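The sequence and structure come first.

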Amino acid sequence: MAPLADLYHLTMAYALWRTGRHREPAAAELFFRREPFGAAFAVGAGLGQALRSLGALRFSAADIAYLRSVLPSTTEDAFFDYLCTVDASEVTVTSVPEGSIVFSRVRHMAKRPHVPICGVCGCGDVTVLSPQVPLLQVKGPLLVVQLLETTLLCLVSYASLVATNAARFRLLAGPQMKLMELGLRRAQGPDGGLSASKYSYIGGFDYTSNILAGKLYGIPVRGTVAHSFIMSFRSLEEVQPRVLSPLAGGEPVDLPSLAESWLQRVCELLGTPSDKPNRGELAAFVSYAIAFPQDFQGLLDTYCVMRSGLPNFCAVALALHQLGYRAIGVRLDSGDLIQQSKETRRVLRACGAHFQVPWFGSIPIAVSNDISERSVEDFVREESEIDMVGVGTNLVTCPLQPSLGCVYKVGVAALPHLAWGWLEVVG
């Protein structure tokens, strides 16, 4: 991690070394001046990774060779020899716990007796702002403390920003609605994607679609089906294999034929012409159901939700129920998600009641498609039937505020025993 710094950190390090000040006791605070998104708080994150980075603070032989090529030719060889010995063994760090709610300044009321402050009532109440609350406090030799600046800012700033963004979505959604992060394809590269998955989970999301994040961080992983899979089928003749054994055992059943028979009954119930549902979509649902009979879920909006996607899903889900299986959900990815969720719930309840399948009406409904904070707010206000929301771009890219604006202020102790209130700011 040692080279993860800006060039001026190395030129300053050389100047400190030359003047003999490199081992002076110093301290730094990493903080933000304003809460992000115009909110009242931020979520501190990236702190664990920042602490772990201290153990990796080393300059390898390859690092030293590269620094020789970019620093001025007048840089003394002895400085590079010194860099070979630099580590964080003398550094101590104080941090708020990962996932803590943090404020730039804490407001509180104070009394000033006999001093009229308030212009309204003349009382002595006054709002007092405490000093900035740091995410990290770093103490150690001046050269090392200064050298850590960019590394720590890089690891903490975006992590705290996306965790705060996730927390805002969670507060709007409430405790019952499930939230899934699915922003890997929209993130700023693979590192940004992994960070977004990790810190969205810390901020309150329930799941991620990112399987590498699931592997590395133990985050629950979820996923559905893509439109491309649905559109790759054209007819039931393409379904292979065709048979599925009942959950309790017994003779395998031709699932395409069973689903087709259920489709006739569903269309009759819904008053939908039986030739309207797309048979390629039905074939895709059947194929997926044969592959995952205990985890079947349907993407409803590839063609038409009410005339095709929903009847086809109900037919396959009811066929699976006949064999002892239970569908786990549907997803809507376009159109008026609120209205479609209500129409979908109405149909699921109607099928459950008519065909005497009690759990059918409570099949979870998930939605996606450029979901924003305002979208989630609308879902709640309009009393939608949405159970899970997938958020990508508006979560991981933080478009309302692309940077937290953290700063790292370094000070040198004015007294041999360092006290945080007695700092001469030098950076």
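Together with Tyr66 and Val70, Leu7 makes a nonpolar surface patch of about 290 Å². Such a patch takes residues with over 30% relative accessible area and no salt bridge, nonpolar side chains (Val, Leu, Ile, Met, Phe, Trp, Tyr) being joined within 5 Å and like charges within 9 Å, while the areas come from the Shrake-Rupley method with a 1.4 Å probe, only the protein chains shown counting as cover for residues.

The model is predicted, so local features need pLDDT of at least 70 and side-chain atom pairs count only at pLDDT 80 or more, whereas totals for chains, interfaces and linings use all residues. Residues are numbered from 1 along each chain as its sequence is written, and side-chain values use heavy atoms, with hydrogens and water left out.

## The nonpolar core

The largest nonpolar core holds 122 residues, and Leu255, Phe296, Phe313, Phe360, Val389 and Tyr408 have the most contacts inside it; a core of this kind is a set of buried Ala, Val, Leu, Ile, Met, Phe, Trp, Tyr and Cys residues joined through side-chain atoms within 4.5 Å. Helix 6 (residues 149-173) gives the largest share of this core, twelve residues. At least three core residues come from each of domain 1 (7-171 + 401-426) and domain 2 (227-367), with bounds taken from an automatic or database domain assignment.

For valine 389, neighbours within four places in sequence being left aside, the contacts include Met177, Leu179, Val367, Ile371 and Phe379, where contact means heavy atoms within 4.5 Å.

## Salt bridges

The whole structure has 15 salt bridges, each a side-chain nitrogen of Lys or Arg within 4 Å of a carboxyl oxygen of Asp or Glu. One of them joins glutamate 90 to arginine 23, with the closest N and O atoms 2.7 Å apart. This pair links distant parts of the chain, 67 residues apart: glutamate 90 lies in the loop between helix 4 (77-83) and strand 3 (92-95), and arginine 23 in the loop between helix 1 and strand 1. Glutamate 90 is partly exposed at 44% relative accessibility, and arginine 23 is partly exposed at 47%.

Arginine 21 and glutamate 24 also meet in a salt bridge, at 3.0 Å from N to O. A further bridge, at 3.6 Å, pairs glutamate 382 with arginine 381; the glutamate is partly exposed at 36%, while arginine 381 is exposed at 52%. Salt bridges with shared partners also join Arg345, Arg349, Glu385 and Asp387 into one network.

## Backbone features in loops

Phenylalanine 37 has a positive phi, near 65 degrees, although it is a residue other than glycine. Its place is in the loop between strand 1 (25-32) and strand 2 (42-43), and its relative accessible area of 13% makes phenylalanine 37 buried.

Asparagine 369 likewise has a positive phi, near 105 degrees, and is partly exposed at 41% relative accessibility. The peptide bond from glutamine 240 to proline 241 is cis, with omega near -5 degrees, and proline 241 sits in the loop between helix 9 (227-231) and strand 10 (243-244).

Note on methods. Helices (H or I, at least four residues) and strands (E, at least two) are DSSP runs, numbered from the N terminus. Buried means under 20% relative accessible area, exposed over 50%, partly exposed in between (1.4 Å probe, protein chains only).
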